[in-house]
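Please keep the sequence and the model in view while reading.

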Amino acid sequence: MKPIIELIKELADKHGRNRHSLLPILQGVVEQERYLSEYSMIEIARELDIPATEVYGTATFYTFLDYKKMGRNIIRVCKTITCSMKGEKQIMLAIEDMLKIKIGETTQDGLFSLLQTNCLGLCHKAPAMLINNEVYTDLTPEKIREILTMYMNRKDEGENNVN
Ligand code: FES
């Protein structure tokens, strides 16, 4: 695992040092660290030369602001209006039922954490969710079971080593 400052510099080199790079940089940090500490946010703000409040605001909006360590795979289900009208509740129930966790919780094996997020900009394919950086759209409870099974099988194949 890279030191956080080095990681942020690398991500900024890759994505650029402007406001549009903020989201991919936040995602990159969460991918390695599994959460976003206050220290990381301050360092990101310094690297991009933007106010720390802006980093905080974006992180909060997209619910990347996790103060505790999260599971290996972070599921973020969109809770905004279009997704909510197109079956977000059923999606959430299917996930909760399969993983035996509620929103904000992590499975005992540390493989999944379940969160909600605001609109992902994929309303035309609602309901939508992210698992880490992967986007999943047009979700149904059946599709959820297939997707989660795929992630569980990856673990069995050793691709998803739990920390
Ligand atoms: S409302 Fe869910 S992606 Fe826009």
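At what angle do helix 1 and helix 3 pack? In this predicted model, helix 1 (residues 4-15) and helix 3 (residues 38-48) pack at about 40°, and their axes are 10 Å apart. That angle makes helix 1 oblique to helix 3. The points below place this pair within the whole protein and then turn to other helices, the sheet and the loops.

**Overall architecture**

- The protein contains seven helices and four strands.
- Along the sequence, these elements follow the pattern α-α-α-α-β-α-α-β-β-β-α.
- The C-alpha trace spans about 45 × 35 × 25 Å along the principal axes of the protein.
- A compact globule of 163 residues would have a radius of gyration near 15 Å, and the 16 Å of this protein agrees with that value.

**Helix 1 with helix 3**

- Two packed helices are described by the angle between their axes and by the distance between the axes.
- Helix 1 passes helix 3 in a right-handed crossing.
- On the side of helix 1, the contact is made by I4, I5, I8, K9 and A12.
- On the side of helix 3, the contact is made by Y39, S40, E43, I44, E47 and L48.
- Sorted by class, the contact of helix 1 with helix 3 has seven nonpolar, one polar and three charged residues.

**Helix 3 with helix 4**

- Helix 3 also packs with helix 4, at an angle of about 120° and with the axes 8 Å apart.
- That angle makes helix 3 oblique to helix 4.
- The crossing of helix 3 and helix 4 is right-handed.
- M41, I42, I44 and A45 in helix 3 meet A52, V55, Y56 and A59 in helix 4.
- By class, this contact of helix 3 with helix 4 has eight nonpolar residues, no polar residues and no charged residues.

**Helix 2 with helix 4**

- The axes of helix 2 (residues 22-33) and helix 4 (residues 52-61) come within 11 Å and cross at roughly 70°.
- Helix 2 and helix 4 are therefore roughly perpendicular to each other.
- L22, L23 and L26 of helix 2 meet V55, T58 and A59 of helix 4.
- The residues of the contact of helix 2 with helix 4 divide into five nonpolar, one polar and no charged.
- V55 of helix 4 takes part in the contact with helix 2, and V55 also meets helix 3.

**The sheet**

- Strands of a sheet pair through backbone hydrogen bonds, either parallel or antiparallel.
- In this protein, four strands form an open sheet in the order 2-1-3-4, and the pairing is mixed.
- Strand 2 (112-117) and strand 4 (134-136) stand at the edges with a single partner strand each, so one side of each is left without a neighbour in the sheet.
- Neighbouring strands of the sheet are turned by 20° against each other on average, direction ignored.
- Strand 1 (residues 73-78) and strand 2 run parallel and are joined by six bridges.
- I74 has S113 in strand 2 as its bridge partner.
- Helix 6 (residues 88-99) lies across strand 1, strand 2 and strand 3 (129-131), and runs at about 155° to strand 1.

- Most residues other than glycine have a negative phi, and most peptide bonds are trans.
- What is the phi of D49? The value is near 55°, which is positive in a residue other than glycine.
- D49 is located in the loop between helix 3 and helix 4.
- The peptide bond from A126 to P127 is cis, with omega near -5°.
- P127 is placed in the loop between strand 2 and strand 3.

Terms used: Residues numbered from 1 in each chain as written. Predicted model: local features only at pLDDT ≥ 70, side-chain atom pairs only at ≥ 80, totals over all residues. Axes fitted to C-alpha atoms, helices over the stretch in contact; angles between N-to-C directions. Helix = DSSP H or I, 4+ residues; strand = E, 2+ residues; numbered from the N terminus. Parallel < 35°, antiparallel > 145°, perpendicular 65-115°, else oblique. Contact = placed C-beta atoms within 7 Å. Nonpolar A, V, L, I, M, F, W, Y, C, P; charged D, E, K, R; others polar. Left-handed = near helix turned anticlockwise from the far one by under 90°. Pairing = 2+ DSSP bridges. Rg over C-alpha atoms; globule rule 2.2 N^0.38 Å.
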